Amino acid sequence: MTVNDRGSEGEASTAEVGAGDGVLGALSYYESLRSSAEYVNRTNSVDVVTFDVDGRPSSLSSSSSSYNASSDPDTLAFCHLVTVMPLSFFPKGPTGPRAPFTFIGILEGMFALLLAATHLNSGDGRIVKEVEGLNERCDVRFTTELIDNALSEYNAVKDTIDVLERSSERSMGREWEPCAFVGNGRSAVTTATSIITGIYGYPQFSPISTSTMLDDKQQYKLFGRHITSDEGTAVPAIMYLSERL
């Protein structure tokens, strides 16, 4: 996965995080394949890479072939999932020390995304049985990127726009264009970024934004969430308080 971090001055920097052959091995493997591709064709919202007769880009070393690349088709479509979430914040201002932001649901949501992408890439049906063997039936593979917005609405909007302005073809594969976005944390940030992603035609999903404002499909046309809205939790909360406590 790619992690976009923020230093003490709040500027974004990029680091590569490899998972080897561990739990996220299938994710790491296909991200290595995508990284080694110099020629990419952008088709709709995926990057299409053509492989040689060995089933992998020739620049990929044989040490990364722990997965059977030769069984893949001549081309693979890569769906790049970009997560924009607050991983840290600056409690004493942008020039002060940075502290981790561990609000419930953020790390869990990101870890769930990484595991889901791994299972989709490897056809692992241990959690969702319908995914079993999917890698043999489908030529789409998933890659991920984590961007730390440092609990800043400005950073979240700027980072989203920066990703949307990428061009994988113009950069000869060095820039990874998005397929979909995951984020943000607070609903106030999600309402801003999901309008932008919707205008560009990309879906955005949030694991923890619960505002009912996001139910407005006229404004947030391609927004979805993995959690119920505030409207869905208000009545059960009142019933629990009145009937159980």
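Biologist: What is the volume of the largest cavity?

Modeller: Bear in mind that this is a predicted model. The structure holds one cavity of 30 Å³ or more. For the largest cavity, the computed volume is about 40 Å³.

Biologist: And which residues line the largest cavity?

Modeller: By class, the lining splits into three nonpolar, four polar and one charged residues. By name, the lining is P86, N149, L151, S152, N184, G185, R186 and V189.

Biologist: Where is A150 found, the one with a positive phi?

Modeller: A150 isn't a glycine, yet its phi is positive, at about 55 degrees. As for its place in the chain, A150 lies in the loop between β8 (140-148) and α4.

Biologist: Okay, disulfides: which cysteines are joined?

Modeller: There's one disulfide in the structure, with an S to S distance of 2.2 Å. One partner is in strand β5 (residues 75-85), the other in the loop between α4 (153-164) and β9 (180-182), so to speak distant parts of the chain, 100 residues apart. The joined pair is C79 and C179.

Biologist: Now the helices: is α1 roughly parallel or roughly perpendicular to α2?

Modeller: Helix α1 (residues 25-35) packs on helix α2 (residues 106-122) with the axes 7 Å apart and an angle of about 75 degrees. Angles of 65 to 115 degrees count as roughly perpendicular. Therefore α1 is, relative to α2, roughly perpendicular.

Biologist: Which residues of α2 make the contact?

Modeller: From α1, the contact takes A26, L27 and Y30. The residues of the contact divide into five nonpolar, three polar and no charged. On the α2 side, they are L114, A117, T118, N121 and S122.

Technical notes
Residues are numbered from 1 along each chain as its sequence is written. This is a predicted model: local features need pLDDT of at least 70, side-chain atom pairs count only at pLDDT 80 or more; totals for chains, interfaces and linings use all residues. Side-chain values use heavy atoms; hydrogens and water are left out. Axes are lines fitted to C-alpha atoms, for helices over the stretch in contact, and angles run from 0 to 180 degrees between N-to-C directions. Helices (H or I, at least four residues) and strands (E, at least two) are DSSP runs, numbered from the N terminus. Angles under 35 degrees count as roughly parallel, over 145 as roughly antiparallel, 65 to 115 as roughly perpendicular and the rest as oblique. Contact means heavy atoms within 4.5 Å. Ala, Val, Leu, Ile, Met, Phe, Trp, Tyr, Cys and Pro count as nonpolar, Asp, Glu, Lys and Arg as charged, and the others, Gly among them, as polar. On a 1 Å grid over the protein atoms alone, a cavity is a set of points where a 1.4 Å probe fits but cannot get out, and a pocket is an open set with protein on both sides within 12 Å along at least five of seven lines; lining residues have an atom within 4 Å of a point. Grid points are joined across faces, edges and corners, and a volume is the space filled by probe spheres set on the points. A disulfide is a pair of cysteine sulfur atoms within 2.5 Å.
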